[in-house]
Amino acid sequence: MKIYFASDLHLGAPYITDHRAHETRIVRWLDKIKADADVIYFLGDIFDYWFEYKHVAPRGFVRFLGKICELTDAGIEVHFFTGNHDVWMFNYLQSECGVMVHSKPTTVTYSNKTFLLHHGDGLGNFEPAYNFMKWIFNCHFIQIIYSWLHPDFTFWFAGVWSRHSRMQHDKHNDPKAFMGPDKEFQLRYAKQLLDAGKKIDYFVFGHRHIILDYQLESARVLVLGEWIKTFSYAVFDGSDIKILHYNES
């Protein structure tokens, strides 16, 4: 049994210069792992922007989605977690691609090891302003109002927002910098659960765009990196989990 984890693919991001090469690289990685993968978890921000209208799904990503269909048709479980960029997944991907979509922290067990999985954003009470914004994005009434806007405008707006957000992030915070256990809210959230008596062996997150394998009391906390520069992922082989890099050379 091998379980694969990846996050923050950011397909369609406006700051990626060659979208075809980016998508194709991800597809080649899926081709590489499909021979021994039992389950694949994508832990959020798979798409840089995603919104499903009642009769319309976003344009593009056909090679990636086609590969996902191939994997699920072959009996490989594929799970998508919503992230802060692709929070608006409803039922299209389940019905058309056979994936399972999760929007909340999810606990699973493999080989007597318990995993807590989530994109990693808005956990705990450590980011109240961000959590309020996330509540707005998840408000069904606001989603309905937003769906009345023309897709040409919403996709343009999402691109501007994404580009600005990435520029601000790079300006004020090195995405590769680990800020320490007291400042990393994902570690604080994991410690909060462990202190409450939760039996978790591995916490696996995305979102922060850093690569981290941190021993926290009786558990390990892994942050998966991203697929813009590091092309990193994790694999659990039934006894241990480790973070690897996809290198095509």
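This is a predicted model: local features need pLDDT of at least 70, side-chain atom pairs count only at pLDDT 80 or more; totals for chains, interfaces and linings use all residues.

Trainee: Which residue does Glu 184 form a salt bridge with?
Mentor: Arg 208, and the closest N and O atoms are 2.8 Å apart. This pair links distant parts of the chain, 24 residues apart. Glu 184 sits in the loop between helix H6 (151-172) and H7. Arg 208 sits in the loop between strand E7 (202-205) and strand E8 (211-216).

Trainee: Buried or exposed, those two?
Mentor: Both Glu 184 and Arg 208 are buried.

Trainee: And what does Asp 213 pair with?
Mentor: Asp 213 forms a salt bridge with Arg 220, with 2.8 Å between the closest N and O atoms. Arg 220 has a relative accessible area of 16%, so it counts as buried. Asp 213 is at 42%, so it counts as partly exposed.

Trainee: Which residues do shared partners join into one network?
Mentor: Asp 31, Lys 34, Lys 67 and Glu 70. Within it, the side chains of Asp 31 and Lys 34 meet at 3.2 Å, N to O.

Trainee: Why do Asp 31 and Lys 34 count as partly exposed?
Mentor: Asp 31 has a relative accessible area of 31%, so it falls in that class. Lys 34 does too, because its value is 33%.

Trainee: Switching to H7. Which of its residues are buried?
Mentor: Phe 185, Gln 186, Leu 187, Tyr 189, Ala 190, Leu 193 and Leu 194.

Trainee: What do they pack against?
Mentor: Strands E6, E7, E8 and E9 (219-224). Just after H7, Gly 197 takes a positive phi of about 95°.

Trainee: What does its side chain reach?
Mentor: A polar atom of the Gln 186 side chain lies 3.0 Å from the backbone oxygen of Gly 206. Beyond its sequence neighbours, Gln 186 has contacts that include His 119, Leu 123, Phe 205, His 207 and Val 223. Arg 208, the salt bridge partner of Glu 184, is also in contact with Gln 186.

Trainee: Next, Asp 8. Where does it lie?
Mentor: In the loop between strand E1 (3-6) and helix H1 (19-33). Asp 8 is buried, because its relative accessible area is 0%.

Trainee: Which side chains does it make polar contacts with?
Mentor: Ser 7 at 2.8 Å, and His 10 at 3.4 Å.

Trainee: What about partners further along the chain? Which residues does Asp 8 touch?
Mentor: Among them are Gly 44, Asp 45, His 119, His 209 and Trp 227. Glu 226 is another.

Trainee: How many cavities of 30 Å³ or more turn up?
Mentor: One, from a search of the whole structure.

Trainee: Which residues line it?
Mentor: Gly 83, Asn 84, Val 87, Asp 121, Lys 134, Phe 137 and Asn 138. By class, that lining has two nonpolar, three polar and two charged residues.

Trainee: Where does Asp 121 lie?
Mentor: In the loop between strand E6 (113-117) and helix H4 (128-138). Asp 121 counts as buried, because its relative accessibility is 2%. Contacts of Asp 121 include Gly 83, Asn 84 and Lys 134, residues that also line the cavity. Tyr 130, Phe 185 and His 207 are in contact with Asp 121 as well.

Methods. Residues are numbered from 1 along each chain as its sequence is written. Side-chain values use heavy atoms; hydrogens and water are left out. On a 1 Å grid over the protein atoms alone, a cavity is a set of points where a 1.4 Å probe fits but cannot get out, and a pocket is an open set with protein on both sides within 12 Å along at least five of seven lines; lining residues have an atom within 4 Å of a point. Grid points are joined across faces, edges and corners, and a volume is the space filled by probe spheres set on the points. Ala, Val, Leu, Ile, Met, Phe, Trp, Tyr, Cys and Pro count as nonpolar, Asp, Glu, Lys and Arg as charged, and the others, Gly among them, as polar. A polar contact is a pair of N or O atoms within 3.5 Å; within protein, one must be able to donate a hydrogen and the other to accept it, and residues adjacent in sequence count only if both atoms are side-chain atoms. Contact means heavy atoms within 4.5 Å. Helices (H or I, at least four residues) and strands (E, at least two) are DSSP runs, numbered from the N terminus. Buried means under 20% relative accessible area, exposed over 50%, partly exposed in between (1.4 Å probe, protein chains only). A salt bridge is a side-chain nitrogen of Lys or Arg within 4 Å of a carboxyl oxygen of Asp or Glu. Lists of a residue's contacts leave out its neighbours within four places in sequence.
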